[in-house]
Amino acid sequence: MEIPVFTLDAFTNLTFKGNPAAVCPLQHELTDELYQKIAAEMNLSETAFIIKLNHCDDFTTGSRFRLRWFTPTNEVNLCGHATLASAAVLFQHKRNVNPTLVFETKSGELSVIQCGERFIMDFPLNPPTKQDSNEFRDIIKAAVGNLPVQDVHLSSTTKKLMVRLADSCDRSVLTHLKVDSEAIMRCEKSGKVKGLILTMKGSPDSQPRYDFYSRFFSPWNGISEDPVTGSAHTVLGGYWATALGKKKMLAYQCSSRGGELELEVRDDGRINIAGQAVTVLQGTIIL
């Protein structure tokens, strides 16, 4: 069996920046065991599998596909950067002729359109709820030490815990923070948390002017730190839209690779997440 594979860097227009994802367009479903083995072999934060829903369709004319995402250790319910990368493969490499692509996923239908060099994804909004910081004091201490914390919120839908650093902190504090992912996983075994978001308000003096910054850690899913995380911004978007009183925002995830996301919180409980992608590898998996 031969399976085409692409690796793209998502949420960037520069190679070796953003978040790399592997994308495999498939003619038919594989076994879950094989999906997982391929994802472990690719060893990226996510490998996406695009599956044709109708055997009569092809990747150029079809507009609806099944989409599944696997980390090196398990399947996940939602992934932003690998969805963006999948759309880029269909639009750019398969020359898909449709204005809108629809992916059937574990998080429902996700649509993507191409607008110039950007891809705009229609995602669910997962606004978090405020928490008592004492309930999560161990994981917060393990993640940020003695840095001042302004807010703690939890998205029970995505199991992402969001910790906002105080506005007195400079961006460099978040950028250079050394987080022991194994330590934070040891601190949280209740099952309530599967991902940790650290965030802070953007600086009005920065160029470009980012509304907020973040980093994301998910050792519970085999990912020590995810470079740029679309799914985390379904949580962050709802929080910062309320905190800043604005619907359109520009965000930067300040991991070592870094990536930029354009957000628009909609009135229908959804969020548009936009970004670019660049292809760095194209090949064939031989089984």
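I call a residue buried when its relative accessible area is under 20%, exposed when over 50% and partly exposed in between, using a 1.4 Å probe and protein chains only.

**Ground rules**

I am working on a predicted model, where local features need pLDDT of at least 70 and side-chain atom pairs count only at pLDDT 80 or more, while totals for chains, interfaces and linings use all residues. Residues are numbered from 1 along each chain as its sequence is written, and side-chain values use heavy atoms, with hydrogens and water left out.

**Entry: Val76**

I began with Val76, which lies in strand β5; strands here are DSSP runs of E with at least two residues, helices are runs of H or I with at least four, and both are numbered from the N terminus. Is Val76 buried or exposed? Val76 has a relative accessible area of 11%, so I noted it as buried.

Next I looked up its contacts, meaning heavy atoms within 4.5 Å. Leaving aside residues up to four places away in sequence, Val76 touches Glu46, Trp69, Thr71, Lys106 and Asn221. Lys106 is 30 residues from Val76 along the chain, and their C-alpha atoms are separated by 8.3 Å.

**Entry: the largest pocket**

Which elements each supply at least two residues of its lining? They are β5 (75–76), α2 (80–93), β13 (212–218) and β14 (223–226). I sorted the lining into five nonpolar, 14 polar and six charged residues; Ala, Val, Leu, Ile, Met, Phe, Trp, Tyr, Cys and Pro count as nonpolar, Asp, Glu, Lys and Arg as charged, and the others, Gly among them, as polar.

**Entry: β13 and β14**

β13 and β14 pair in the antiparallel sense over two bridges, and strands pair if DSSP finds at least two bridges between them. Phe216 stands opposite Asp226 in β14. Their hairpin has four residues between the strands, and Gly222 takes a positive phi near 80°.

**Entry: aromatic pairs**

How many aromatic pairs are there? I noted nine, pairing rings of Phe, Tyr and Trp (its six-membered ring) whose centres lie within 6.5 Å; planes under 30 degrees apart count as stacked, over 60 as edge-to-face and the rest as tilted.

Phe49 and Phe70 make an edge-to-face pair, 5.9 Å centre to centre with 80° between the planes. Phe49 sits in β3 (residues 46–52) and Phe70 in β4 (residues 64–70), 21 residues apart. Both Phe49 and Phe70 are buried.

Then I turned to Phe91 and Phe119, whose ring centres are 6.2 Å apart with planes at 20°, so this pair is stacked. Phe91 belongs to helix α2 and Phe119 to strand β8 (residues 118–124). I noted Phe91 as buried at 9% relative accessible area, and Phe119 as buried at 0%.
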